[in-house]
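Please read the points in order, with the model open beside you.

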Amino acid sequence: MSNDKDVSVLNGLIKTTLDSMKGYEEAAKDAESTQYATMFADFARDRSKVAMDLQARVRALGGEPEQDSSLLAAAHRTFLDLKQALTGQDDKAIIMEVERGEDHIKAKYESALKEDGLSPETLAAIEAGYGPVREGHDRMSALKHSFA
């Protein structure tokens, strides 16, 4: 078991989790409904906690934890800002976009859980982060389907 592999997998999840956190922060700012804005802000805080827990695990392994979200996420947010400016976005459109991001983060965690050669402690940290991610995904999926 290599600490390098654990650190690499964890840092990938940290980056994705920070992407998700920033996406929820943006969604909270853009939501028309106070109810959705509050829910998105709560999810952003949940994702921040998950990222901090994973960062703590990287430090425990002697690694340098990821601190920033990805350039891809920044590009995606820029595209969404442009799309919103051109078309206007209502809560339904925001929820559809957030749910798409939830599919992405859920798949990243599921893939990490299947990685060979990770230490039991790292797998436990990933599983602990996966719980809130799965819950967020399921809530956004249910919300998206309630609009259908």
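1. Among contacts in the chain between residues at least 6 apart in sequence, 80% join residues at least 24 apart. Contact here means heavy atoms within 4.5 Å. This is a predicted model, in which local features need pLDDT of at least 70, side-chain atom pairs count only at pLDDT 80 or more, and totals for chains, interfaces and linings use all residues. Residues are numbered from 1 along each chain as its sequence is written, and side-chain values use heavy atoms, with hydrogens and water left out.

2. The chain has five helices and zero strands. Along the sequence the pattern reads α-α-α-α-α. Helices (H or I, at least four residues) and strands (E, at least two) are DSSP runs, numbered from the N terminus. The chain has 148 residues, and 42% of them are buried. Buried means under 20% relative accessible area, exposed means over 50%, and partly exposed lies in between (1.4 Å probe, protein chains only).

3. Look next at the largest nonpolar core, which holds 35 residues. A nonpolar core is a set of buried Ala, Val, Leu, Ile, Met, Phe, Trp, Tyr and Cys residues joined through side-chain atoms within 4.5 Å. Phe40, Leu54, Tyr109, Ile126 and Met140 touch the most other members. Two or more residues come from each of helix H1 (3-30), helix H2 (34-60), helix H4 (91-113) and helix H5 (120-147).

4. Which residues does Ile126 touch? Leave out residues up to four places away in sequence, and the partners are Val9, Leu10, Leu13, Leu54, Tyr109, Ala112, Leu113 and Leu118. Leu54 and Tyr109 are also among the core members with the most contacts to other members.

5. Now the helix pairs. Two packed helices are described by the angle between their axes and the distance between the axes. Axes are lines fitted to C-alpha atoms, for helices over the stretch in contact, and angles run from 0 to 180 degrees between N-to-C directions. Angles under 35 degrees count as roughly parallel, over 145 as roughly antiparallel, 65 to 115 as roughly perpendicular and the rest as oblique.

6. Start with H1 and H2. Their axes come within 8 Å and cross at roughly 160 degrees. H1 is therefore roughly antiparallel to H2. The crossing is left-handed: the near helix is turned anticlockwise from the far one by less than a right angle (clockwise would be right-handed). The contact of H1 with H2 has 18 nonpolar, five polar and four charged residues.

7. The axes of H2 and H5 come within 9 Å, crossing at roughly 165 degrees. That angle makes H2 roughly antiparallel to H5. The crossing of H2 and H5 is left-handed. Their contact divides into 13 nonpolar, four polar and four charged residues.

8. Are H2 and H4 parallel or antiparallel to each other? Their axes lie 13 Å apart, at an angle of about 20 degrees. H2 and H4 are therefore roughly parallel. Their crossing is left-handed. From H2, Tyr36, Phe40, Arg47, Val50 and Leu54 meet Asp91, Ile94, Ile95, Val98, Glu102, Ile105 and Tyr109 in H4. By class, this contact has nine nonpolar, no polar and three charged residues.

9. Asn11 is found in helix H1. With a relative accessible area of 14%, Asn11 is buried. Beyond four places in sequence, Asn11 touches Val58, Glu64, Pro65 and Glu66. Arg59 is in helix H2. At 47% relative accessibility, Arg59 counts as partly exposed. Leaving aside neighbours within four places in sequence, Arg59 is in contact with Pro65 and Gln67. The C-alpha atoms of Arg59 and Val7 are 8.8 Å apart, with the two residues 52 apart along the chain.

10. Lys106 lies in helix H4. Apart from residues up to four places away in sequence, Lys106 touches Tyr130, Val133, Arg134 and His137. For Lys106 and His137, 31 residues apart along the chain, the C-alpha separation is 6.9 Å. Glu135 is in helix H5. Its relative accessible area is 47%, so Glu135 is partly exposed. The C-alpha atoms of Glu135 and Phe43, 92 residues apart along the chain, are separated by 9.9 Å.

Terms used. Ala, Val, Leu, Ile, Met, Phe, Trp, Tyr, Cys and Pro count as nonpolar, Asp, Glu, Lys and Arg as charged, and the others, Gly among them, as polar.
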